[in-house]
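Dear colleague,

Please find below the structure that I am handing over to you. My notes on it follow directly after.

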Amino acid sequence: NHFDDAGIPLRKGGTCTWKISGANSQRFYSHFKLRITGKNSNSNYYLPVSGFEVYGTLRKITQFSTPSEPKPNSEAKDLQIAGEEEAKADIFRREFVSGMALFGTGGIVYAVGTDFGKRKWRNPVESGDIVITSSNLGSRSEPNSALVGKATLRWVTAPSKNAYFELHFKSLQIRPSYYALKHYASWDSEALRNWRLEAMPYKSDTWIVLSEHRNDISLEGKGCVAGFSLSNHETLPYCNRFRLVQTGMNSSCHYFLACSGIEFYGFAKPT
């Protein structure tokens with residue numbers, strides 16, 4: 001409810017956002033209605049609006065239903081904490097939502113590069129926040145830091161079966177719900193088709209499988225991006241190491257592993 005709210009500037013095209021707090025902010029909704037409850041700035045009852053946007057957490061539904069409380073599991077607890085001030089809660093939510101630009105500013109890797117908004121972006125490998133290891137690199141390949149950089153570059157391994165790269169987040173644990181990949185900059189060909197994404201839970205030495213892809217044609221064309229949902233994310237433990245293994249030939253029937261970026265979305269917290 002707003003009374004004599006002067007948040008929207010008195011100029012055409014002015015915008016403003018408002019934070020929703022309290023118990024109702026923890027519920028899920030499918031219908032929204034804005035009702036003018038008094039006169040506008042010109043003392044009239046016109047309701048002039050040119051745009052409306054909502055930010056928060058999405059939950060897919062198969063049919064319309066009445067709003068309900070989040071399920072009483074670990075994810076619901078994280079949602080509650082993530083709704084508080086991040087610096088106080090020490091848990092960060094960077095979830096993918098429909099329409100979000102992949103490899104923009106909304107992912108966890110990007111957030112690490114800015115220390116979650118505390119500094120100007122810096123490649124997290126160069127800052128020491130992420131350590132990347134991989135199979136032997138191919139001819140004219142950029143260094144491993146290219147996998148978490150902003151630019152679309154040529155990163156490629158030498159041809160070998162089960163070629164891989166691994167990201168080790170030095171001071172962060174992640175429970176991803178979505179991840180994205182970017183093809184390299186050299187050619188439309190040599191794109192990933194068969195791979196497995198693995199993760200190692202914090203303080204563990206065992207890899208678990210997050211996602212497997214066989215003859216997946218999502219990546220097609222140099223610099224193209226594709227996103228992938230992790231269906232089991234609600235039950236995943238927090239992890240600080242992630243590994244992508246190429247499990248078969250690429251689009252050119254070779255064993256080069258070509259990639260120019262990986263990004264994660266979901267929940268993160270310090271180690």
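**Charges over rings**

In this predicted model, the charged end of Lys-182 sits over the ring of Phe-103, 4.9 Å from the ring centre. Lys-269 likewise lies over the face of Tyr-238, with 4.3 Å to the centre of that ring.

**Aromatic pairs**

There are 8 aromatic pairs in the structure. One of them joins Phe-169 and Phe-242, whose ring centres are 6.0 Å apart and whose planes meet at 90°, so this pair is edge-to-face. Since Phe-169 belongs to strand 3 (residues 164-169) and Phe-242 to strand 8 (residues 239-246), the pair ties together parts that are 73 residues apart in sequence. Phe-169 is buried, at 1% relative accessibility, and Phe-242 is buried at 2%.

Phe-242 also pairs with Phe-264 in a tilted arrangement, at 4.6 Å centre to centre and with 40° between the planes. Phe-264 lies in strand 9 (residues 261-270), so this contact with strand 8 ties together parts 22 residues apart in sequence. Phe-264 is buried as well, at 0% relative accessibility. Through these ring pairs, Phe-169, Phe-242 and Phe-264 are linked into a cluster.

**Surface and cysteines**

A nonpolar patch on the surface is formed by Phe-32, Leu-34, Ile-36, Leu-47, Val-49, Phe-52 and Val-54, which together have about 710 Å² of accessible area. Val-54 is located in the segment before helix 1 (74-82) and is partly exposed, with a relative accessible area of 42%.

The structure holds 0 disulfides. Cys-224 counts as buried at 17% relative accessibility, whereas Cys-253 counts as exposed at 53%.

With kind regards

Methods. Residues numbered from 1 in each chain as written. Predicted model: local features only at pLDDT ≥ 70, side-chain atom pairs only at ≥ 80, totals over all residues. Heavy atoms only, no water. Patch = residues over 30% accessible without salt bridge, like charges linked within 9 Å, V, L, I, M, F, W, Y side chains within 5 Å. Areas by Shrake-Rupley, 256 points an atom, 1.4 Å probe, with all protein chains shown as cover. Salt bridge = Lys/Arg side-chain N within 4 Å of Asp/Glu carboxyl O. Helix = DSSP H or I, 4+ residues; strand = E, 2+ residues; numbered from the N terminus. Buried < 20%, exposed > 50% of the residue type's maximum accessible area, 1.4 Å probe, protein only. Disulfide = S-S within 2.5 Å. Phe/Tyr/Trp six-rings, centres within 6.5 Å; stacked < 30°, edge-to-face > 60°. Lys NZ or Arg CZ within 6 Å of the ring centre and 35° of its normal.
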